[in-house]
Each structure stands twice: as C-alpha cells, then as structure tokens.
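Reader: Hi! I'm new to this one, could you walk me through it?
Author: Happy to, let's open it up and start with the pocket.

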Amino acid sequence: MIVYLLHFETPLGNPDNPRAMASHYIGWAHDLAGRMRDHRSGHGAALTRAANERGISYQVVATWPGDRALERWIKLRKCAPRLCPICAQAHPLGPFTIRLPVPDLVQVQSYDRVECPF
C-alpha cells in the first residue's frame, strides 16, 4: 500500500477565503496507477472530480509506504504544503521530510496517539 500527495496546478475553492482553498490532496491506494486512473476518469475523490470539471491538472509529487492510518495521520497535521516539493521552498517555515511515526515493519491500527515528529 502507498500514501500519495497530489499537487493541483491551480487551487480549488473559495478565492475570497484563502483558508478555504485546496492545493493538495492526500490519499492511499493498493495500486497507485489504478487509483490515478480512477481520479482522472471522475471516479476518485470529490476534490479531484472538481479539478477535472474545472480543467485543473494535478500530479503525484510524493509517496510513502503506508495505509489509510498513515494517510489520516498526515492529513490531520495539515502539512501538505511543506511536504510538497513544488510548494515547500516558498513555505514560510520551509520544507521538511516526513518521518514515519513507527518503523515500516510495525503494523498499527491508528497513528493518532503517536507524537508528531514535526
């Protein structure tokens, strides 16, 4: 399984409220190529469907080995701009590398109780 980060060419949302704009999508998949086909054909997430309808392109910019629990752990920290290689250089706090909260070989049900390393 793989967790992936999509970067949108143009942010989606309400331009009058910068906090209501989405520039990234974090998801997970067993088969990333198949999941991207789903996104591009309109059978993926609502956010990618909205991007497709508006003609906004997006691309996979980062991946990590992991499952839905890791996806959730990353999403809850709202750190996509700093994980995105396209956006990180312009971020006020600069880029960082994600450190997985547990060793790759350990299986856990939830990452919510793990201390955030960043």
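**A chat about the pocket, the cores and the helices**

Author: In this predicted model, the lining of the largest pocket takes at least two residues from each of β1, β2 (21–29) and α4.

Reader: Which element gives the largest share of that lining?

Author: That is β2, with six residues of the lining.

Reader: And how much space lies in the largest pocket?

Author: About 590 Å³. Lining the largest pocket are 19 residues, and the closest to its centre are Met 21, Ala 22, Ser 23, His 24 and Pro 81.

Reader: Nice. What does the lining look like by class?

Author: The lining of the largest pocket has 12 nonpolar residues, along with three polar and four charged ones.

Reader: Let me step back for a moment. How many helices and strands are there in the protein?

Author: The protein has four helices and three strands. Starting at the N terminus, the elements run β-β-α-α-β-α-α.

Reader: What share of the residues counts as buried?

Author: Of the protein's 118 residues, 38% count as buried. Here is something on how the chain folds back on itself: take the contacts between residues at least 6 apart in sequence, and 59% of them join residues at least 24 apart.

Reader: Okay, on to the inside. Which residues have the most contacts inside the largest nonpolar core?

Author: Those are Val 3, Leu 5, Ile 26, Trp 64, Leu 70, Ile 74 and Leu 83, in a core of 13 residues. At least two residues of this core come from each of β1 (2–13), β3 (58–65), α3 (68–76) and α4 (80–83). Apart from this core lies another, of 12 residues, which includes Tyr 25, Ala 29, Ala 50 and Tyr 58.

Reader: Let's pick Leu 5. What is Leu 5 in contact with, leaving aside neighbours within four places in sequence?

Author: Quite a list! Leu 5 is in contact with His 24, Tyr 25 and Ile 26, then with Gln 59, Val 60, Val 61, Ala 62 and Trp 64, and also with Ala 80, Leu 83 and Cys 84.

Reader: Gln 59 is in there. Where does Gln 59 lie?

Author: Gln 59 lies in strand β3.

Reader: Now the helices, please. Which residues are buried in helix α2?

Author: In α2 (residues 46–54), the buried ones are Thr 48, Ala 50 and Ala 51. They sit on the same side of α2, because they cover an arc of only 155° around the axis.

Reader: What covers the buried residues of α2?

Author: The cover includes β1, α1 (32–41) and β3.

Reader: How about α1, which are its buried residues?

Author: Gly 34, Met 36 and His 39 are the buried residues of α1. They pack against β1, β2, α2 and β3.

Reader: One last stop. Where is Ala 20 found?

Author: Ala 20 is in the loop between β1 and β2. With a relative accessible area of 36%, Ala 20 is partly exposed. Leaving aside its neighbours within four places in sequence, Ala 20 is in contact with Leu 12, Gly 13 and Asn 14.

Note on methods:
Residues numbered from 1 in each chain as written. Predicted model: local features only at pLDDT ≥ 70, side-chain atom pairs only at ≥ 80, totals over all residues. Heavy atoms only, no water. Core = buried A, V, L, I, M, F, W, Y, C linked by side-chain atoms within 4.5 Å. Buried < 20%, exposed > 50% of the residue type's maximum accessible area, 1.4 Å probe, protein only. Contact = heavy atoms within 4.5 Å. 1 Å grid on protein atoms, 1.4 Å probe; cavity = no way out; pocket = protein on both sides within 12 Å on 5 of 7 lines; lining within 4 Å. Points joined across faces, edges and corners; volume = space filled by probe spheres on them. Nonpolar A, V, L, I, M, F, W, Y, C, P; charged D, E, K, R; others polar. Arc of directions from axis to C-beta.
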